[in-house]
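Okay, everyone, thanks for coming. Let me put the structure up on the screen, and then I'll talk you through it.

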Amino acid sequence: AAEEKATSAERAFSQQESIAAKAEREAQRSVSALELARKHGAELQASSDSLREALNRALQQRAEAQAAAQAAEEAKDKAHATAEAARGELMAAERIATEAAERNGLRQDELAAEQ
């Protein structure tokens, strides 16, 4: 009877060792899976940070491009206004020149008539 109890106890102990070994292997797999998840999490965070930086750069570049386009539009408007003013001044100068030529022509006629 004592031998049977010892054999039974050995079997129970062996089963418990087997169960403990399985539990240890499962725990090790869980630790490995957790380490892998942490690694992937860090990689995802790094990718997210890189994407955020790229987005911020793109937004900055877009703002700079919009500012440059606005400045170009203002320069174009100023150039048109300057050209328009220059045309007005040219027309005024031509009118003055024409009037002066006409007066000069009349004087020439008067001088010719006096001679």
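This is a predicted model: local features need pLDDT of at least 70, side-chain atom pairs count only at pLDDT 80 or more; totals for chains, interfaces and linings use all residues.

So, let's start with Glu-84.

Now, what does Glu-84 pair with? Its partner is Arg-87, and the two form a salt bridge, with the closest N and O atoms 2.8 Å apart. Arg-87 is partly exposed as well, at 45% relative accessibility. If you're new to this, the general idea is that side chains of opposite charge can pair when their charged atoms come close.

Okay, next pair. Arg-52 and Asp-49 have side chains that meet in a salt bridge, at 3.2 Å from N to O. They're three residues apart in helix α1, so again we're talking about one helical turn or so. Arg-52 is partly exposed at 46% relative accessibility, and Asp-49 is partly exposed too, with a relative accessible area of 31%.

And one more: the side chains of Glu-26 and Arg-29 also make a salt bridge, and here the N to O distance is 2.2 Å. Those two are three residues apart in helix α1, which covers residues 2-114, so they are about one helical turn from each other. Glu-26 has a relative accessible area of 43%, which makes it partly exposed. Over the whole structure, the search finds four salt bridges, and the ones I've shown you are among them.

Let's zoom out. How many helices and strands does the chain have? One helix and zero strands. The radius of gyration is 49 Å, while the globule rule gives 13 Å for 115 residues, so this chain is more spread out than a compact globule. You can see that in the C-alpha trace too, which spans about 165 × 10 × 10 Å along its principal axes.

And how much of the chain is buried? Of the 115 residues, 0% count as buried. The accessible surface comes to about 10,200 Å², and 56% of that belongs to carbon and sulfur atoms.

The chain has 16 positive and 22 negative ones, and their mean positions lie 10 Å apart.

Technical notes
Residues are numbered from 1 along each chain as its sequence is written. Side-chain values use heavy atoms; hydrogens and water are left out. Helices (H or I, at least four residues) and strands (E, at least two) are DSSP runs, numbered from the N terminus. The radius of gyration is taken over C-alpha atoms; the globule rule is 2.2 Å times the number of residues to the power 0.38. Buried means under 20% relative accessible area, exposed over 50%, partly exposed in between (1.4 Å probe, protein chains only). Accessible areas come from the Shrake-Rupley method with a 1.4 Å probe; for residues, only the protein chains shown count as cover. Lys and Arg count as positive and Asp and Glu as negative; His and the chain ends are not counted. The place of a charge is taken as NZ of Lys, CZ of Arg, CG of Asp or CD of Glu.
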